[in-house]
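Open your viewer and get ready to select residues by number. This tour goes stop by stop, and each stop tells you what to pick next.

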Amino acid sequence: MKILCLHGVGSSGAILETQMANFRRELDPSYELVFVDGPFECERGPGVPEYRIGPFFSHTQGYSPVDIAQAIGYLEDILEDEGPFDGIFGFSQGAALTLSYFYQQQTAANPLRVNFACLFSTAMPCSPDAGIGDAIISKLRALEYDIADRARCNGQDLTMAEQEFVNVLQQTVVDAADNDPLFPWIDMDVYRYGEQDAIPRVMYPSLLARKIQIPTVHVWGQNDFEYMIKMAKVARSICEECMVKTVLHTGLHDIPKRQTEIKAVLRSLDWAMIQGQGWSSASDAAIL
């Protein structure tokens with residue numbers, strides 16, 4: 001069983017390998033975990049301890065559709081050059097990129113190179129499709145609506161779809177940027193005044209044509225920051241409910257450390273692998 005492991009922003013494959021030490025000890029010896037670095041060197045990421053030695057990496061240069069498409073391209077290269085892989089373990093940004101890749105391939109009716117994923121503390125998933133949410137974004141730009149300003153009423157009536165868009169952003173990336181200066185996101189003014197193709201296209205169910213069909217296990221810490229928990233919940237919500245398992249642990253923004261919690265993840269992982277075999281066969285048949 002060969003698994004590609006994708007780290008969080010401002011981290012590295014070596015750091016993720018250390019984070020997963022307890023988890024790896026509980027894995028069957030037949031598992032081969034492949035840890036890679038993101039292609040872009042960057043500053044130390046949020047929550048990465050000072051004693052961790054760099055260099056540090058990111059899977060993306062930003063979160064615009066072009067940036068996400070570039071990141072997916074690098075991921076596809078790894079899957080092809082270092083595979084074949086059975087699945088992906090993704091942490092934070094690495095987990096979000098995994099979902100971006102899944103949705104892109106599914107939408108384009110392209111085959112996936114893995115059968116399942118286990119996603120830890122997923123950050124906000126973004127799409128390479130510049131058309132996602134475009135009508136809502138255009139309306140908010142016409143109103144010069146300040147998504148980041150929750151202290152005052154902007155004076156415009158929003159549709160339910162527009163209000164949902166604002167709420168999703170405020171409860172996730174806006175809260176994160178307000179509370180953590182190291183949180184990697186763009187200036188929210190880009191939604192009002194920036195180039196439209198530079199605006200991140202966040203993914204949540206009502207914006208998507210279809211939910212992600214591949215089996216996924218979603219894991220997050222109950223004591224993580226509330227905005228990170230909400231991102232993880234958004235990430236889970238874009239996956240087909242019958243193909244999802246959720247495991248909560250008592251930690252923060254990290255891989256579970258307690259044996260009982262790790263074993264709970266492994267039980268869900270076994271389920272995902274079984275589902276993935278059936279999903280892969282059905283997917284291959286549909287392509288043929």
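**Stop 1: Ala 109**

Select Ala 109, which is exposed, with a relative accessible area of 60%. Exposed means over 50% relative accessible area, buried means under 20%, and partly exposed is in between (1.4 Å probe, protein chains only). Ala 109 sits in the loop between α4 and β6. Helices (H or I, at least four residues) and strands (E, at least two) are DSSP runs, numbered from the N terminus. Now check the backbone: Ala 109 has a positive phi of about 60°, although it is not a glycine. Most residues other than glycine have a negative phi.

A note on what you have loaded: this is a predicted model, in which local features need pLDDT of at least 70 and side-chain atom pairs count only at pLDDT 80 or more, while totals for chains, interfaces and linings use all residues. Residues are numbered from 1 along each chain as its sequence is written, and side-chain values use heavy atoms, with hydrogens and water left out.

**Stop 2: Glu 144**

Go to Glu 144, in the loop between α5 and α6. Glu 144 also has a positive phi, about 50°, and is not a glycine. Is Glu 144 buried or partly exposed? At 46% relative accessibility, Glu 144 counts as partly exposed.

**Stop 3: α5 against α6**

Select α5 (134-142) and α6 (160-179). They pack at an angle of about 85°, with their axes 10 Å apart. That makes α5 roughly perpendicular to α6. Axes are lines fitted to C-alpha atoms, for helices over the stretch in contact, and angles run from 0 to 180 degrees between N-to-C directions. Angles under 35 degrees count as roughly parallel, over 145 as roughly antiparallel, 65 to 115 as roughly perpendicular and the rest as oblique.

Show the side chains at the contact (heavy atoms within 4.5 Å). From α5 come Ile 136, Ile 137, Lys 139 and Leu 140; from α6 come Ala 161, Glu 162, Phe 165 and Val 166. These residues divide into 6 nonpolar, no polar and 2 charged. Here Ala, Val, Leu, Ile, Met, Phe, Trp, Tyr, Cys and Pro count as nonpolar, Asp, Glu, Lys and Arg as charged, and the others, Gly among them, as polar.

**Stop 4: Tyr 204**

Pick Tyr 204, in the loop between β8 (201-202) and β9 (216-221). Tyr 204 counts as buried, at 2% relative accessibility. Which residues does Tyr 204 touch, not counting residues up to four places away in sequence? They are Ile 136, Ala 161, Glu 164, Phe 165, Val 168, Val 234 and Ile 238. Draw a line from Tyr 204 to Glu 144: their C-alpha atoms are separated by 23 Å, and they are 60 residues apart along the chain.

**Stop 5: α3 against α4**

Select α3 (65-82) and α4 (93-107). Their packing angle is about 90°, and their axes are 10 Å apart. The two helices are therefore roughly perpendicular to each other. In α3, pick Ile 68, Ala 71, Ile 72, Leu 75, Glu 76 and Leu 79; they meet Leu 97, Ser 100, Tyr 101, Gln 104 and Gln 105 in α4. This contact holds 7 nonpolar, 3 polar and 1 charged.

**Stop 6: the cores**

A nonpolar core is a set of buried Ala, Val, Leu, Ile, Met, Phe, Trp, Tyr and Cys residues joined through side-chain atoms within 4.5 Å. The largest has 63 residues, and Leu 4, Phe 102, Ile 147, Phe 165, Trp 185 and Tyr 191 touch the most other members. Apart from it lies another core, of 25 residues, among them Met 20, Leu 33, Val 217 and Ile 262. In soluble globular proteins, nonpolar side chains tend to be buried together.

**Stop 7: two cis bonds**

Find Gly 54 and Pro 55, joined by a cis peptide bond with omega about 10°. Pro 55 is among the residues that Ser 11 touches, and Ser 11 is buried, at 4% relative accessibility. Next, find Gly 83 and Pro 84, where another cis peptide bond has omega about 5°. Pro 84 lies in the loop between α3 and β5 (87-91). Most peptide bonds are trans.

**Stop 8: cysteines**

How many disulfides are there? The count is 0, where a disulfide is a pair of cysteine sulfur atoms within 2.5 Å. The sulfur of Cys 42 is 16 Å from the closest cysteine sulfur, in Cys 126, so it is too far for a bond. For Cys 242, the closest is in Cys 239, 11 Å away, also too far for a bond.
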